Amino acid sequence: MPVSDFLAGLSTDPRFARFDRRFTQVAKVALAWYILKYVLLDGYRHLRARGLVGTAREAYNAVQGVVVGILLSLPSSRKKISSELAKTRQQIKDKLAPASYPDGVRLTVVKSLPEKGHDRAWLEEEWKGLKGLEKGDVDSGRVSGTVYHGGDELNAIINQAMSLFVVSNPLHPDVFPGVRKMESEIVSMCLNLFHCPEGAGTTTSGGTESILMACKTYRDWARSTKGITRPEMVIPDSAHAAFWKASQYFGIKLHVIPVDEVTRQADVRRMARAINANTIMIVGSAPNFPDGAIDPIPQLGALAKRHNIGLHVDCCLGSFIMPFLDRAGLNDGVPEFDFKVPGVTSISCDTHKYAFCPKGSSVIMYRSAELRRYQYYVITDWAGGVYASPSMAGSRPGSILAGAWAVLNYVGADGYTESCRTIVTASRHFAQEIKRRFPTDLYVLGDPRVSVVAFGSKTINIYALGDAMGSKGWHLSALGTGALHMAFTRLTAANVDQLLDDLEKVIEDVKQNPPKDGDMVALYGLGQTSVGPHVVGKLAETFLDVLYE
């Protein structure tokens, strides 16, 4: 029978007609269910989280982005952008990877493995030259954050400890049991410091990895215990960039909620509106990176408990400052922030910041060992045998753990109390003096209580001020909110009055002769234009490319 005759017979068969009608009905129901669940419900949740104004602004930015993208894709635009990026690339290269070096610095360009190894004398000469490339501002206390220096004596302790464990690897605790003991004790010391001795945690390579691990943990916990397959998290827009990275890496939808414009703290009421059945966690900072505000952790904790979701407190920057405020007599106006707060389920702490441990040292802590298990990665049927690792990395440098363990034991609680007192006193003095000395030109963002002070201006270009301060050897951090900030350390705390005096001179200079160029002015000025998000991203990629040239 020809196929056409067979199909014609089916079309007249009443059984086929009934099947066709039922299939059509099921398809309509399925389509309606899909639209209800994945379009209308998601749309409602999105609208509720951002509000009408926020949603409209997002829509406008999206449309603007499409239009600008189309315009920039035109041949004439592409040619112009390529030309400008090439110029910028060369400028970045001249600054970061110059073809010639400063007077007195001689270096060998090494692009291929040498046939015969060099002797120690050659290495020492190269080390001397490479060290000579560093700016003197680093050790003179003129850099915001970045250099968390515990002193030359402490650095000598770190070097000695690391040299003894230079080949060790925590992946093999049976081979390096001493490293296992040190790592365990680092975590325990931090858990006790943050008031959760019965909790659990691991070390990581830094704050970003600690935050990534927390987000991965909540994603897997929610999937296992609640069946959530489309996870979401709610963060204030002052949260660290690592949460955006985690969102992209782990497929977690991100609701970014504006902070209170006056206090710069997380807006708990607006964050509560963004919580729904797919929410796995919320976030607070103690303090945040941009302007040093401490979020209302007790209120966020109550919110997390009410919805049975995680609350991660990012204390990476707070590090060994926040836990010592009470001992230093400086906890006035500072809310509770650690595991003493009901509802706090995890905390990240960078020991390589204000604990003065070697770079590559951080701790992620959980209220329970049960929650920590969702951080682990275990594969039991791998051809190489059973494989298990506690965090992102497999092999890890045991030498960093040795250095960190040595520092914590060498400095002790009294030492950290004193460093907290020195740094926070300088920071608060800086904030008070800005208000007193520059009331018409500068204003302080929020109420900074710890180590970071952010300030803006309504009378001068704040980025021009940052560039001008850079010409005097100061390295202030530029913020996307139209402000600068200074993260005080032991080194910068000693120079706070010099910083204020230089600010006074530079403010007058900028007011009389406003600079028209400069790194901050160029980058952040461009970022505030309609093409900014497209071009600044390309500039950032170019910057990263140059690092490996």
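**From the whole chain to its parts**

Of the 549 residues in the protein chain, 44% count as buried, where buried means under 20% relative accessible area, exposed over 50% and partly exposed in between, with a 1.4 Å probe and protein chains only. This is a predicted model, in which local features need pLDDT of at least 70 and side-chain atom pairs count only at pLDDT 80 or more, while totals for chains, interfaces and linings use all residues. Residues are numbered from 1 along each chain as its sequence is written, and side-chain values use heavy atoms, with hydrogens and water left out.

The protein chain has 17 helices and 13 strands; these are DSSP runs (helices H or I, at least four residues; strands E, at least two), numbered from the N terminus. Along the principal axes, the C-alpha atoms fill a box of roughly 95 × 65 × 60 Å. Among contacts in the protein chain with a separation of 6 or more, 71% are between residues 24 or more positions apart, a contact being heavy atoms within 4.5 Å.

Consider helix α5 (residues 152–164). Its 13 residues reach 19 Å from first C-alpha to last, close to the 18 Å expected at 1.5 Å a residue; the expected span is 1.5 Å times one less than the number of residues. Leu154, Ile158 and Ala161 are the buried residues of α5. Seen down the axis of α5, they fall within an arc of 70°, so they line one face of the helix; the arc is that of the directions from the helix axis to the C-beta atoms. Helix α12 is included in what covers them. The face of α5 turned away from the buried side carries the exposed residues Asp152, Glu153, Asn159, Gln160 and Leu164.

Helix α15 (residues 496–512) has 17 residues and spans 25 Å between its first and last C-alpha, close to the expected 24 Å. In α15 the buried residues are Val496, Leu499, Leu500, Asp502, Leu503, Val506, Ile507 and Val510. They cover an arc of only 165° around the axis, which puts them on the same side of α15. These buried residues pack against α12 (398–437), β11 (452–456), α13 (462–471), β13 (483–487) and α14 (490–493).

The surface remains. Tyr101, Val109, Leu123, Trp127, Leu130 and Leu133 form a nonpolar patch there, with about 550 Å² of accessible area together. Tyr101 sits in the loop between α3 (75–96) and α4 (120–132), and counts as partly exposed because its relative accessibility is 30%. Patches are made of residues with over 30% relative accessible area and no salt bridge, like charges being joined within 9 Å and nonpolar side chains (Val, Leu, Ile, Met, Phe, Trp, Tyr) within 5 Å; a salt bridge is a side-chain nitrogen of Lys or Arg within 4 Å of a carboxyl oxygen of Asp or Glu. Accessible areas come from the Shrake-Rupley method with a 1.4 Å probe, and for residues only the protein chains shown count as cover.
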